[in-house]
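Hi everyone, thanks for coming. Let's take a friendly walk through one protein together, and please have a look at it before I start talking.

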Amino acid sequence: MAGTPLPESVELLDKLVAALKRRGVLVEEDIQRCQTQAERAKPETGARMVARAWLDPEFRTLMLRDGTAAAESFGVAMKGAPPLGVLEDTDRLHHLVVCTLCSCYPRAVIGYPPHWYKSAAYRARAVREPRAVLAEFGTVLPAGVQVRVVDSTADYRWMVLPTRPPGTEGWSEEELAAIVTRDCLVGVTLPQAEKRQAAA
């Protein structure tokens with residue numbers, strides 16, 4: 001959840017909303033719809049999409065071709081939200097999502113970004129030294145794996161489809177979704193089969 005906004009930020013936002021309403025650009029229903037959408041969004045939805053993609057080749061194809069449509073098939077209201085792109089990891093390629101400008105994040109699908117995602121340190125270091133950043137999250141990739149840093153923007157939001165970890169053969173969609181965390185969906189960590197086994 002986002003922190004408490006500064007009073008001056010609230011005042012500025014109130015003035016902007018009032019001005020947009022006066023000009024007929026925005027109505028109260030739009031605001032309520034966006035707030036409801038933001039409150040419903042949670043990482044578990046993205047995790048379920050990943051688990052479905054691991055099990056269903058047709059859904060995987062849809063997710064990679066049109067992330068927005070894939071999200072809508074899970075009941076996510078994407079109207080008014082930027083398009084969603086999905087980046088597929090492979091044995092040789094790992095994706096790391098960052099917003100170098102501010103905090104653009106696939107909020108419509110997985111909710112509010114964590115504090116560290118918005119920090120200047122993460123935004124700068126993810127580009128300059130992605131492997132060092134990943135290591136701080138406990139993600140150490142083999143030297144032969146390329147790390148591709150992808151900039152999430154106001155025009156296009158990105159999430160990651162990580163590789164399915166070994167040892168998960170025969171798992172249900174629910175069991176697979178349980179090992180896909182928020183951090184996996186932006187590429188700073190990897191799904192770990194051991195976490196589910198330890199919890200069992």
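With 200 residues, a compact globule would have a radius of gyration near 16 Å, and the protein has 18 Å, which agrees. That radius is taken over C-alpha atoms, and the globule rule is 2.2 Å times the number of residues to the power 0.38. The C-alpha trace spans about 55 × 35 × 30 Å along its principal axes.

A word on where this comes from. This is a predicted model, where local features need pLDDT of at least 70 and side-chain atom pairs count only at pLDDT 80 or more, while totals for chains, interfaces and linings use all residues. Residues are numbered from 1 along each chain as its sequence is written, and side-chain values use heavy atoms, with hydrogens and water left out.

Now the parts. You can find eleven helices and four strands in the protein; these are DSSP runs, with helices (H or I) of at least four residues and strands (E) of at least two, numbered from the N terminus.

How much of the protein is buried? Buried residues make up 39% of the 200 residues, where buried means under 20% relative accessible area, with a 1.4 Å probe and protein chains only.

Let's go inside. In soluble globular proteins, nonpolar side chains tend to be buried together. Here the largest nonpolar core has 48 residues, and those with the most contacts inside it are Met 49, Met 63, Val 109 and Tyr 122. Helix α3 (residues 43–55) gives this core its largest share, six residues. By nonpolar core I mean a set of buried Ala, Val, Leu, Ile, Met, Phe, Trp, Tyr and Cys residues joined through side-chain atoms within 4.5 Å.

Contact means heavy atoms within 4.5 Å.

Next, two loop residues. Ser 152 sits in the loop between β3 (146–151) and β4 (157–161). Is Ser 152 buried or exposed? Ser 152 counts as buried, because its relative accessibility is 1%. Beyond its neighbours within four places in sequence, its contacts include Val 97, Cys 104, Tyr 117 and Trp 158.

Asp 183 belongs to the loop between α10 (173–177) and α11 (193–199). At 14% relative accessibility, Asp 183 counts as buried. Setting aside neighbours within four places in sequence, Asp 183 is in contact with Trp 116, Phe 137, Val 188 and Thr 189.

Technical notes. Buried < 20%, exposed > 50% of the residue type's maximum accessible area, 1.4 Å probe, protein only.
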